[in-house]
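Hi,

Have a look at it first, then read on.

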Amino acid sequence: SYRYGKTLVTAVRDVSLTLATGEVLAFLGPNGAGKTTTIKMIAGLIRPDSGRVQIAGIDPHRNPQALRFVGAVLEGNRNLYWRLTPEENLDYFGVLKGLTRHEVRRRSRDLLERFELTSKRRTSVQKLSRGMQQKLAIAVALMHQPKLLLLDEPTLGLDVEATQYVKGLVKAIAAEGCAILLTTHQLDIAEELSDRVAIIQKGEIIISTSTRDLIKQFSGTAHI
């Protein structure tokens with residue numbers, strides 16, 4: 001649970017989520033429902049008022065070492081330095097995560113190639129398209145090979161081509177064994193990408209089920 005400000009607005013109340021290796025959990029809900037607050041708690045950015053977070057059995061709020069298992073892309077690509085190039089971003093965050101110089105060079109080269117960013121590796125991030133920025137943000141989050149990837153509205157604001165590319169990335173990353181928690185307000189995104197769905201409304205989870213069962217309930221609905 002987490003409350004904001006002197007008025008004690010409860011943003012998240014008794015939210016319980018569990019992810020297994022290689023599983024994709026879609027966290028659905030309207031703006032202001034508590035999705036981003038929950039992701040920030042998992043990522044160690046804000047401390048819950050009650051309850052706890054465990055990543056590979058470790059609480060990131062008690063032991064920051066747990067964060068070595070986590071990669072996060074928050075809405076707005078705030079894990080990027082916009083005045084740096086893709087290559088510089090990957091190098092910087094690789095070193096920050098404790099990789100050796102050799103590991104940084106190898107991982108950076110491999111990710112630039114995999115995400116089709118090699119030709120833009122020395123272009124300032126602020127000059128890249130929105131789709132390329134999102135690809136780079138995910139690449140940076142994967143630099144240290146996390147076990148859990150947090151994606152906050154990963155397709156928001158992307159054109160059709162970039163959206164398809166990012167969806168393909170999510171599927172491939174999960175297939176390699178990484179657990180993924182992604183927030184979205186679009187049921188069609190959840191339907192295509194996730195194994196399970198949790199719907200949050202006014203800070204509380206109102207539905208938590210397999211994606212297949214949810215689609216049967218909300219057949220024909222495009223948005224939550």
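Let's start with Ile39, which is in contact with Leu74, Leu150, Leu151, Asp152, Leu181 and Thr183, leaving aside its neighbours within four places in sequence. Contact here means heavy atoms within 4.5 Å. Ile39 sits in helix H1 and counts as buried, at 0% relative accessibility. The cut-offs for that: buried is under 20% relative accessible area, exposed is over 50%, and partly exposed is in between, with a 1.4 Å probe and protein chains only. Helices (H or I, at least four residues) and strands (E, at least two) are DSSP runs, numbered from the N terminus. The C-alpha atoms of Ile39 and Gln186 are separated by 17 Å, and the two residues are 147 residues apart along the chain.

Before the rest, some housekeeping. This is a predicted model, where local features need pLDDT of at least 70 and side-chain atom pairs count only at pLDDT 80 or more, while totals for chains, interfaces and linings use all residues. Residues are numbered from 1 along each chain as its sequence is written, and side-chain values use heavy atoms, with hydrogens and water left out.

Now the cores. A nonpolar core is a set of buried Ala, Val, Leu, Ile, Met, Phe, Trp, Tyr and Cys residues joined through side-chain atoms within 4.5 Å. Which members of the largest nonpolar core touch the most other members? Of its 43 residues, they are Ile138, Ile180 and Leu182. Apart from that core lies another, of 17 residues, including Ile42, Ile55, Leu150 and Leu181. In soluble globular proteins, nonpolar side chains tend to be buried together. Leu182 itself touches Val24, Leu25, Ala26, Phe27, Leu151, Pro154, Val170, Ile189 and Leu193, not counting residues up to four places away in sequence.

Ser194 also touches Val24, Leu25 and Ala26, along with Thr211, again not counting residues up to four places away in sequence. You'll find Ser194 in the loop between helix H6 (187-193) and strand E7 (196-201). Ser194 is buried, since its relative accessible area is 9%. Its side chain makes a polar contact with the side chain of Thr211 at 2.7 Å, and reaches the backbone oxygen of Ala190 at 2.6 Å. A polar contact is a pair of N or O atoms within 3.5 Å; within protein, one must be able to donate a hydrogen and the other to accept it, and residues adjacent in sequence count only if both atoms are side-chain atoms.

Is Lys167 buried or exposed? Buried, because its relative accessibility is 8%. Lys167 is in helix H5 (residues 160-175), and its side chain makes a polar contact with the side chain of Gln164 at 2.9 Å. Not counting residues up to four places away in sequence, Lys167 touches Thr155, Ile189, Glu192 and Leu193.

Thr85, in the loop between E4 and H2, counts as buried too, at 12% relative accessibility. Beyond the residues up to four places away in sequence, Thr85 touches Arg121, Arg122, Thr123, Ser124 and Val125.

Then there's Val95, in helix H2, which counts as partly exposed because its relative accessibility is 36%. Val95 and Met143 are 48 residues apart in sequence and 9.6 Å apart in space, C-alpha to C-alpha. Leaving aside neighbours within four places in sequence, Val95 is in contact with Arg101 and Val104.

Ala56, in the loop between helix H1 (35-42) and E4, has a phi near 50°, a positive value in a residue other than glycine. Ala56 is exposed, with a relative accessible area of 55%. Gln145 sits in the loop between H4 and strand E5 (148-152), and has a positive phi near 55°. Gln145 is exposed, with a relative accessible area of 55%.

Happy to go through any of this when you've had it open on your screen.

Cheers
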